[in-house]
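Colleague: Could you take me through the way you read a model of this kind, giving the general idea before each case?

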Number of protein chains: 2
Amino acid sequence: MKDVALRAHVDISVVSRVLSQDPRLSVTAATRARVENAVRELSYSPNRSARALRTSKSGLLTFVLPQIANPLYLRMVSGAVQKAKDLGYQLVVAELTHAAEQLREYQASGIDGILLATGGLDEDQLGEWMEGQMPVVVVNRTLENSENWSSVDYPRAATLAADHLGSLGHRHVMVLTGPEKLPGWSARSDAFRAVLGDHETVEIRASGLYADQGYAAAAEILARRQGETAVFVTSMMLAVGLLKGLRESGVSVPEDLSVIALHDDDLANYVSPPLTTVALPMYQLGQLSVAQLVNMIDDKKEGPIVVTDPPQLVVRGSTGPPGER
Amino acid sequence: MKDVALRAHVDISVVSRVLSQDPRLSVTAATRARVENAVRELSYSPNRSARALRTSKSGLLTFVLPQIANPLYLRMVSGAVQKAKDLGYQLVVAELTHAAEQLREYQASGIDGILLATGGLDEDQLGEWMEGQMPVVVVNRTLENSENWSSVDYPRAATLAADHLGSLGHRHVMVLTGPEKLPGWSARSDAFRAVLGDHETVEIRASGLYADQGYAAAAEILARRQGETAVFVTSMMLAVGLLKGLRESGVSVPEDLSVIALHDDDLANYVSPPLTTVALPMYQLGQLSVAQLVNMIDDKKEGPIVVTDPPQLVVRGSTGPPGER
DNA sequence: TTTGGTAAGTCAATCCATTGACTTACTCAG
DNA sequence: CTGAGTAAGTCAATGGATTGACTTACCAAA
């Protein structure tokens with residue numbers, strides 16, 4: 001920066017102010033141009049560490065994930081990386097371990113804010129994260145005691161799925177959800193019930209959110225089935241496992257049983273039969289969550305965010321008209 | 001740090017030296033203890049930005065990926081994150097865009113080193129990355145003009161696959177590989193040929209490394225097939241797509257054609273039939289690559305790394321004895 | 001001609017840790 | 001008792017950018 005100042009024949013403070021667009025500085029156009037040229041000629045770019053030290057902002061955000069290797073999260077991460085870059089931040093990824101410990105660490109390492117994709121933490125556990133003085137946005141779920149969350153439109157997605165099944169002629173449907181009693185989750189199945197009518201819908205809880213647990217849930221689904229002709233699954237990986245379970249039990253999809261799931265991924269194309277899904281804008285969710293977090297960091301207040309890009313029904317082979325039985 | 005020094009009745013330079021284990025400092029055990037207590041009591045931890053400024057080391061590594069959402073890379077990323085944390089670094093993720101531009105950016109942002117998972121760059125393009133003065137480790141492939149790469153043992157993995165097919169009775173096998181003429185890739189199929197004998201093996205090149213391209217390759221495989229009873233696929237996602245292509249063409253796996261692929265992922269369980277694979281230690285690859293990169297940063301010389309954990313054959317449903325045709 | 005006001009910059013402290021050079025008080029050999 | 005040597009610390013410059021306070025020169029109004 002000193003070199004730039006020298007070359008432009010100004011004080012380094014002018015350089016700093018020009019670069020950071022300080023409104024309190026007034027400069028002639030000529031001076032400004034000299035500075036900008038010097039910056040270009042020396043291909044100068046400010047030292048992040050120095051800036052971080054002075055401003056006590058590191059320009060780093062951490063995205064904390066329960067497990068890195070989950071396709072669902074990746075879209076979000078991808079969107080978050082992109083947006084972070086646009087806003088001048090860098091995104092560090094980390095796996096969820098112990099809240100208190102991790103928080104201390106991030107505090108110490110000068111992270112500016114945290115994106116938290118929890119999958120399966122209850123509000124108490126989340127409390128630990130929110131109580132620190134570090135900005136945290138909880139991604140992909142709603143929260144009752146806080147505004148710092150972001151989500152996609154699950155009720156609407158569930159409605160889309162229900163409409164699809166309804167229009168195929170299904171009247172009795174089971175719901176397969178994850179283990180938690182999370183506000184977000186129940187909204188999914190609530191919206192779903194609304195469309196198909198009020199009668200009792202059997203809801204099965206898988207013990208997790210991954211394919212294995214969906215596979216394991218197949219048995220329970222078949223055992224408790226009473227004339228239902230379709231299964232609505234609230235998370236794609238569960239459905240992938242379920243499909244395998246059904247296949248091995250000799251249930252043919254969609255003739256015997258239709259399956260539809262929330263969330264879409266390329267993978268849905270490659271299971272057999274290809275899985276009908278409702279695609280949700282997870283990339284945008286990542287982007288908007290970063291924007292929201294950065295706003296918090298900058299003390300611009302902002303409420304919760306629900307991504308407005310509409311869910312898309314992706315019809316593949318796992319849904320069809322109910323068979324006559 | 002000043003507070004700690006005050007509390008321990010020493011100069012802050014003593015604190016600094018105790019904390020960074022400077023061998024040039026000599027202190028009495030008592031003084032050292034006082035410092036350590038003060039650190040604990042104030043739960044002090046050094047300011048990363050200040051340290052970064054002073055030492056011009058940011059403690060940040062960037063893992064550059066062609067696309068974040070690929071399960072293969074994720075294991076590596078996961079291992080890398082873990083190891084980086086152990087070594088006191090944080091891992092930033094980024095998607096591959098334009099080399100020169102990205103390099104400048106990382107230089108400016110004070111990144112200490114780069115892990116580069118290229119999938120499909122040729123050595124020229126890689127050259128751009130290697131020529132800067134920034135430490136770069138190219139992950140998951142070999143390089144001819146540089147020592148800065150890390151890989152897993154592909155020849156051995158290919159041998160395992162070949163042995164498996166051989167012991168099932170297959171004698172004529174096709175190979176489906178990715179598009180590049182990369183040293184790493186040909187090593188895979190070379191080792192493979194060695195086991196099954198010298199006769200010409202038909203090698204099909206998919207136009208990419210993802211499921212779609214495997215799907216597209218199915219047609220070519222069937223067209224060029226001449227009595228081969230198995231396909232060896234050098235990358236799992238290709239095989240996943242291939243399986244779908246074969247299914248749609250009415251080829252039954254493994255009765256008509258066995259399929260075996262390199263790399264394993266949970267996903268292999270959920271395609272139909274479940275895919276037989278050779279699992280490679282990608283998590284360890286991520287770990288060791290970080291270790292290697294950090295050594296480079298610290299100027300400890302280190303050659304290329306090949307992860308020694310052995311590949312594991314994972315037999316699932318996509319391989320079987322050749323059918324009589 | 002003086003005064004006030006403003007545009008255009010400049011000054012210098014500050015963020016916090018690191019590190020080469022230096023001091024001080026001892027101990028021990030001669 | 002003296003000088004050399006060492007253990008145990010201390011001093012202070014340094015890294016690069018930011019920012020509140022201050023200066024200087026010039027113009028316009030009275």
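Predicted model: local features only at pLDDT ≥ 70, side-chain atom pairs only at ≥ 80, totals over all residues.

Colleague: Which rotation superposes chain A on chain B, and with what shift along its axis?

Modeller: Two copies of a chain are related by a rotation about an axis and a shift along it. Here a rotation of 180° with 0.1 Å of shift along its axis brings chain A onto chain B, with an RMSD of 0.1 Å. The two copies are therefore related as by a two-fold rotation axis. Within chain A, the C-alpha nearest that axis belongs to A:Val92, at 2.1 Å from it.

Colleague: How many residues of each chain are in contact with the other, and which elements of chain A supply at least two residues each?

Modeller: On the side of chain A that touches chain B, at least two residues each come from helix 4, helix 5 (71-86), strand 2 (90-95), helix 6 (99-109) and helix 11 (236-248). That side of chain A divides into 19 nonpolar, ten polar and six charged residues. Because 100% of the interface residues of chain A are also interface residues in chain B, the copies meet through the same surface.

Colleague: Which residues are closest to DNA strand C, and which to DNA strand D?

Modeller: DNA strand C is surrounded by 24 residues, of which the closest are A:Asp11, A:Ser13, B:Met1, B:Ser13 and B:Ala50. Two or more residues of this surface come from each of helix 2 (12-19) and helix 4 (48-55) of chain A and helix 2 (12-19) and helix 4 (48-55) of chain B, and helix 2 of chain B gives the most, with five residues. By class, the surface near DNA strand C has ten nonpolar, nine polar and five charged residues.

Around DNA strand D there are 26 residues, and the closest are A:Met1, A:Ser13, A:Asn47, B:Asp11 and B:Ser13. The elements that give two or more residues to the surface near DNA strand D are helix 2 and helix 4 of chain A, together with helix 2 and helix 4 of chain B. That surface has twelve nonpolar, nine polar and five charged residues.

Colleague: At what angle do helix 6 and helix 7 of chain B pack?

Modeller: Two packed helices are described by the angle between their axes and the distance between the axes. For helix 6 (residues 99-109) and helix 7 (residues 123-131) of chain B, the angle is about 20° and the axes are 9 Å apart, which means that helix 6 of chain B is roughly parallel to helix 7 of chain B. The crossing of helix 6 of chain B past helix 7 of chain B is right-handed. In their contact, B:Ala99, B:Ala100 and B:Leu103 of helix 6 meet B:Gln125, B:Glu128 and B:Trp129 of helix 7 in chain B, giving four nonpolar, one polar and one charged residues by class.

Colleague: Where in the backbone is A:Pro254 found, and what is the peptide bond from A:Val253 to A:Pro254, cis or trans?

Modeller: The bond from A:Val253 to A:Pro254 is cis, with omega near 5°, and A:Pro254 is found in the loop between helix 11 and strand 9 (258-262) of chain A. A cis peptide bond also joins B:Ser272 and B:Pro273, where omega is about -5°.

Conventions. Residues numbered from 1 in each chain as written. Chains lettered and ligands numbered in written order. Near = placed C-beta within 6 Å. Helix = DSSP H or I, 4+ residues; strand = E, 2+ residues; numbered from the N terminus. Nonpolar A, V, L, I, M, F, W, Y, C, P; charged D, E, K, R; others polar. Axes fitted to C-alpha atoms, helices over the stretch in contact; angles between N-to-C directions. Parallel < 35°, antiparallel > 145°, perpendicular 65-115°, else oblique. Left-handed = near helix turned anticlockwise from the far one by under 90°. Contact = placed C-beta atoms within 7 Å. Least-squares fit on C-alpha atoms with pLDDT ≥ 70 in both.
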